Amino acid sequence: FCLNCSQGSIFYCITENSRTDGLFISILFSWHDWSSQHMHFYSDSHSPSSYCEPFAHDEHGEPIAPCGAIANSMFNDSFTLTYHPPDGAEVPVPLYRRGITWYTDKNVKFRNPPTNTTLQLAFQGTAQPLFWQQPVYELDPADPSNNGFINDDLIVWMREAAFPNFKKLYGILIRAETPFSEGLPAGNYSVNIIYNFPVQYFQGRKEVVLSTVSWFGGQNHFLPIAYLVTGGLIFIAAIVLTVVYVKVGRDGKNMEE
């Protein structure tokens, strides 16, 4: 990725058809310099809490909505995926930009302030985060129902990652349109990126990944290893305890005096 440019493209090739739903994932790597501090500042409420400092109020004293360091540093690069068939014009790859959040986050945890008028009036008296280019009620001009605290991109970003290297879902392939009814066909693709999120200040790195998902979930290298190691340790502990039980007995009657 270019660090100082505003737009760029990546070209790559998929060698075989993807038969499952394609996931378009943007990844932010190496948030090492201030990730531990960054994780402690978070608030999804309308009124700033002490955990939002130093991003609770703007220079005029107005409360910031949403407040906190996580909201203030919301990822805002944009991507356009294009398929280049060998015998035709290029085809934009359609992506669902909604429905990428956890159900509980969208319908329980994050809620807009109640209002009988417009969302803009509901956030009257608040300020946008310092690094944002638009207020929270205008995050998605194309879809009024995807604004405020229930904006899908905001909710995905607000879910804290356990490690400094993490993935964030950007969109899901729309399989109702040809030639993507069976997934992503093999061939050449390009990704056009509009850069808005700088990473050079904390020596980070961004990547874009096309992945697939099955009934078992998306690709994750950490969980299988963790499960195997944990299962192996439990199995060894079970064998040791069984041997001790056989040698000693339930009441310790087999233990030598």
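Among contacts in the chain (heavy atoms within 4.5 Å) between residues at least 6 apart in sequence, 76% join residues at least 24 apart. The model is predicted, so local features need pLDDT of at least 70 and side-chain atom pairs count only at pLDDT 80 or more, while totals for chains, interfaces and linings use all residues. Residues are numbered from 1 along each chain as its sequence is written, and side-chain values use heavy atoms, with hydrogens and water left out.

The secondary structure consists of six helices and nine strands; helices (H or I, at least four residues) and strands (E, at least two) are DSSP runs numbered from the N terminus. Of the 257 residues in the chain, 37% are buried, where buried means under 20% relative accessible area, exposed over 50%, and partly exposed in between (1.4 Å probe, protein chains only). The chain exposes about 15,800 Å², and carbon and sulfur atoms supply 58% of that area. Accessible areas come from the Shrake-Rupley method with a 1.4 Å probe, and for residues only the protein chains shown count as cover.

In soluble globular proteins, nonpolar side chains tend to be buried together. A nonpolar core is a set of buried Ala, Val, Leu, Ile, Met, Phe, Trp, Tyr and Cys residues joined through side-chain atoms within 4.5 Å. The largest such core here has 34 residues, and the members that touch the most others are Val93, Val136, Leu154, Trp157, Phe180, Leu184 and Tyr189. At least two core residues each come from helix 2 (69-72), strand 3 (78-84), helix 4 (119-122), helix 5 (152-158), strand 6 (166-173) and strand 7 (187-194). Helix 5 gives the largest share, four residues. Beyond its neighbours within four places in sequence, Val93 contacts Leu81, Thr82, Tyr83, Leu173, Phe180, Leu184 and Tyr189.

Charged side chains are the next topic. The structure holds six salt bridges, each a side-chain nitrogen of Lys or Arg within 4 Å of a carboxyl oxygen of Asp or Glu. One of them pairs Asp77 with Lys206, with the closest N and O atoms 2.6 Å apart. Asp77 sits in the loop between helix 2 and strand 3 and Lys206 in strand 8, so the two are 129 residues apart and the pair links distant parts of the chain. Both residues are buried, Lys206 at 8% relative accessibility. Strand 8 spans residues 205-214. A polar atom of the Lys206 side chain also lies 2.7 Å from the backbone oxygen of Phe197.

A second salt bridge joins the side chains of Asp143 and Arg98 (2.4 Å, N to O). This pair also links distant parts of the chain: Asp143 is in the loop between helix 4 and helix 5, and Arg98 in the loop between strand 5 (95-96) and helix 3 (103-109), 45 residues apart. Asp143 counts as partly exposed because its relative accessibility is 21%, and Arg98 is partly exposed at 32%.

In a third, the side chains of Arg159 and Asp105 meet at 2.9 Å, N to O. Arg159 lies in the loop between helix 5 and strand 6 and Asp105 in helix 3, so this pair ties together parts that are 54 residues apart in sequence. Arg159 is partly exposed, with a relative accessible area of 30%, whereas Asp105 is buried at 4%. Salt bridges with shared partners also join Arg98, Lys106, Asp143 and Asp152 into one network.

How values were computed:
A polar contact is a pair of N or O atoms within 3.5 Å; within protein, one must be able to donate a hydrogen and the other to accept it, and residues adjacent in sequence count only if both atoms are side-chain atoms.
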